[in-house]
Amino acid sequence: KQRRDQQRRRSSLTHLQPTSLAARAVASSRSASSGGGGGGGDGCGSGRLWVTNYTSRQSILVVGDGDFSFSRGLVQHRGSGRLLVLTAYDSRAVTLAKYQVAERILGELEKADASVFFGVDATRLDRTLPRSEDNRIKLRKGSMAAAFDRIVFNFPHTGKQRVHLNRNLLRNFFASAKPWLKQGGEIHVTLKERLPYTGWNVEEQATLNDLQLKVKLDFDPDEFPGYHHHTTDPTAVKFELDRHCLKTFVFVEKQ
């Protein structure tokens with residue numbers, strides 16, 4: 001009888017559809033406590049994935065998107081390109097040369113009314129993110145943005161397997177991004193939760209910029225249709241997505 005009760009509890013959790021960030025976090029916690037998490041020796045879970053929920057009402061800045069496939073998936077995830085600012089570190093010419101799919105994807109983003117910028121350094125947003133004299137970003141269809149509800153950086157990496165360099169990247173990104181947050185806004189950083197990435201101490205780098213961890217969620221690439229991870233440095237070590245080790249760290253300003 002006890003086993004049947006446990007199975008019913010697991011089944012009910014599997015069919016939950018939480019719509020808010022907090023609800024998804026609670027569902028993830030319950031799933032783990034009922035035996036659905038099943039973490040392995042490397043700290044990677046294997047249970048049901050609960051992911052962040054981006055909505056069409058939120059203004060969102062995406063940095064470091066190589067071929068813009070995440071950005072395209074984000075448009076489909078939230079149903080609109082409105083209020084999206086999507087950026088790449090490379091120039092437009094370099095992006096098109098690196099990624100065969102980029103031209104098609106960029107055309108789709110334009111039709112979706114998303115705003116796309118190139119040559120944006122996530123660690124120097126104040127200098128590289130295009131803005132007007134009154135410190136606002138001009139979005140498509142004439143709207144403006146001075147700050148964001150969400151700032152997203154997926155799988156940041158310098159391209160070099162040096163822990164201190166990647167710690168610096170994260171620390172400088174947080175310092176650069178924080179002034180662009182709306183009150184109550186969030187910074188989302190997605191990483192593998194295994195070595196060497198755990199050695200970058202992402203929470204410590206955020207704390208040094210007066211940010212605190214709100215919640216840590218599983219990241220499911222399938223929530224963003226067509227998303228394929230690509231390293232922006234062609235000489236970098238190949239990056240393999242391990243779905244059970246992908247975590248989105250959600251940071252907010254310290255209270």
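Ile151 is in contact, meaning that heavy atoms lie within 4.5 Å, with Leu61, Phe173, Ala177, Trp180, Leu181, Glu186, Ile187 and His188, once its neighbours within four places in sequence are left aside. The structure is a predicted model, in which local features need pLDDT of at least 70 and side-chain atom pairs count only at pLDDT 80 or more, while totals for chains, interfaces and linings use all residues. Residues are numbered from 1 along each chain as its sequence is written, and side-chain values use heavy atoms, with hydrogens and water left out.

Ile151 also belongs to the largest nonpolar core, which has 30 residues and in which Ile151, Phe173, Phe174 and Ile187 have the most contacts. Such a core is a set of buried Ala, Val, Leu, Ile, Met, Phe, Trp, Tyr and Cys residues joined through side-chain atoms within 4.5 Å, where buried means under 20% relative accessible area, exposed means over 50%, and partly exposed lies in between (1.4 Å probe, protein chains only). Two or more residues of this core come from each of β1, β6, α7 (163-177), β7 (181-192), α8 (202-207) and β9 (246-253); these names follow DSSP runs numbered from the N terminus, with helices (H or I) of at least four residues and strands (E) of at least two. A second, separate core of 20 residues includes Phe70, Leu84, Ala114 and Phe224.

Seven strands form an open sheet with mixed pairing, in the order β3-β2-β1-β6-β7-β9-β8, and two strands are said to pair if DSSP finds at least two bridges between them. Because β3 (115-117) and β8 (211-218) stand at the edges with a single partner strand each, one side of each is left without a neighbour in the sheet. By contrast, seven of the seven residues of β6 are buried, so β6 is largely enclosed by the rest of the structure. Strand β6 is joined to the parallel strand β7 by six bridges, and β1 pairs with β6 in the parallel sense over four bridges. The table lists residues that stand opposite each other.

| Residue | Opposite residue | Strand of the opposite residue |
|---|---|---|
| Ile60 | Arg150 | β6 |
| Phe148 | Leu181 | β7 |
| Asn154 | Thr190 | β7 |

Helix α7 packs on the sheet, where it touches β1, β6, β7, β8 and β9, and its direction makes about 160 degrees with that of β7; axes here are lines fitted to C-alpha atoms, for helices over the stretch in contact, and angles run from 0 to 180 degrees between N-to-C directions.

Helix α3 (residues 69-78) is mostly covered, with nine of its ten residues buried. Its buried residues, among them Phe70 and Leu74, pack against β1 (60-63), β2 (84-87), α5 (102-111) and β6 (148-154). Just after α3, Gly79 takes a positive phi of about 85 degrees.

Ala88 lies in the loop between β2 and α4 (92-98) and is buried, with a relative accessible area of 1%. Not counting residues up to four places away in sequence, Ala88 touches Asp65, Phe68, Thr95, Phe117, Phe118, Gly119 and Val120.

The predictor's confidence in each residue is given by pLDDT, from 0 to 100, and the mean for the protein is 77, with 68% of its residues reaching 70 or more. Among the elements, helix α2 (residues 21-33) has the lowest mean pLDDT (37) and α8 the highest (96). Over residues 5-41 pLDDT stays under 50, and pLDDT also stays under 50 over residues 45-50.
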